[in-house]
Amino acid sequence: MSSPEIASLSWGHMKVKGCSSNYKDCKVWPGGSRTWDWRETGTDHYPGVQPADLEEVLKKGVELLIIGRGMSEALQVPSATLDFVKQKGVDVRVLQTEKAVAEYNKLAGQGAKVGGVFHSTC
């Protein structure tokens, strides 16, 4: 299964190819996507992305995870979260969201088993 392309990104809006939903923040993995609802894990800009935010994507067999920190990079990514991903044997890249989406789409287009979590505002 291939990772779906992110078809569009603008402030507060993301669209994944092949999915009828529009997302504010989203999770993507080979064969699927869904909204990233921070309320599920109590995530906020600080302290930032929690391991629980990433578990679902990591369980989908990804070899690389891309984290989009927001348009202004307000979303923090603690080192403990990065260590958690690496302990699962998955490479991780943390980028500003527009750069993260471009990197994700490039890798997905090459057939990589890439997943991502993307914050589309601040």
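In the predicted model, Asp 25 has His 119 of strand 8 as its bridge partner. This pair belongs to the contact between strand 4 (residues 25–29) and strand 8, which run antiparallel and are joined by four bridges. Helix 1 (residues 51–58) packs on the sheet, where it touches strand 4, strand 5, strand 6 and strand 8. The direction of helix 1 makes about 35° with that of strand 4.

The sheet in question is open and consists of five strands in the order 5-4-8-6-7, with mixed pairing. Strand 5 (32–35) and strand 7 stand at its edges; each has a single partner strand, so one side of each is left without a neighbour in the sheet. On average, and with direction ignored, neighbouring strands of this sheet are turned by 10° against each other.

Strand 6 (residues 64–68) is mostly covered, with five of its five residues buried. Leu 64, Ile 66 and Gly 68 point one way from the strand, whereas Leu 65 and Ile 67 point the other way. Strand 6 pairs in the parallel sense with strand 7 (residues 91–95) over five bridges. Strand 6 is also joined by five bridges to strand 8 (residues 114–119), and these two strands run parallel. Gly 68 takes part on both flanks: its bridge partner in strand 7 is Leu 95, and its bridge partner in strand 8 is Phe 118. Together with helix 2 (residues 79–87), strand 6 and strand 7 make a right-handed β-α-β unit.

Within helix 1, the residues Asp 53, Leu 54, Val 57 and Leu 58 are buried. These residues cover an arc of only 125° around the axis and are therefore on the same side of helix 1. The buried residues of helix 1 pack against strand 4, strand 6, helix 2 and strand 8.

In helix 2, the buried residues are Thr 81, Leu 82, Phe 84 and Val 85. Their arc around the axis is only 155°, which puts them on the same side of helix 2. Ser 79, Ala 80, Lys 86 and Gln 87, on the other side of helix 2, are exposed. Packing partners of the buried residues of helix 2 are helix 1, strand 6 and strand 7. Just after helix 2, Gly 89 adopts a positive phi of about 80°.

The largest nonpolar core contains 18 residues, of which Val 49, Leu 54, Leu 58, Leu 65, Ile 67 and Val 85 touch the most other members. Helix 1, strand 6 and helix 2 are the elements that give two or more residues to this core. Leu 58 is in contact with Leu 65, Phe 84, Val 85, Lys 88 and Val 90, leaving aside its neighbours within four places in sequence. A second, separate core has 16 residues, including Val 16, Cys 26, Ile 66 and Phe 118.

Trp 29 lies in strand 4. Its relative accessible area is 9%, below the 20% cut-off, and Trp 29 is therefore classed as buried. Not counting residues up to four places away in sequence, Trp 29 touches Ser 2, Ser 3, Pro 4, Arg 34, Glu 56, Val 57, Lys 60, Val 62, Val 114 and Gly 115. Trp 29 and Glu 103 are separated by 74 residues in sequence and by 14 Å in space, C-alpha to C-alpha.

Another open sheet has three strands in the order 1-2-3, with antiparallel pairing. Strand 1 (6–10) and strand 3 (22–23) stand at the edges with a single partner strand each, so one side of each is left without a neighbour in the sheet. Strand 2 (residues 13–16) pairs with strand 3 in the antiparallel sense over two bridges, and Met 14 stands opposite Tyr 23 in strand 3.

Helix 3 (residues 97–109) lies across strands of both sheets. In the five-stranded sheet, helix 3 lies across strand 4, strand 6, strand 7 and strand 8, running at about 160° to strand 8. Helix 3 also lies across strand 1 and strand 2, and runs at about 175° to strand 1.

Conventions
Residues numbered from 1 in each chain as written. Predicted model: local features only at pLDDT ≥ 70, side-chain atom pairs only at ≥ 80, totals over all residues. Heavy atoms only, no water. Buried < 20%, exposed > 50% of the residue type's maximum accessible area, 1.4 Å probe, protein only. Pairing = 2+ DSSP bridges. Right-handed = clockwise from strand over helix to strand, strands pointing away. Axes fitted to C-alpha atoms, helices over the stretch in contact; angles between N-to-C directions. Contact = heavy atoms within 4.5 Å. Arc of directions from axis to C-beta. Core = buried A, V, L, I, M, F, W, Y, C linked by side-chain atoms within 4.5 Å.
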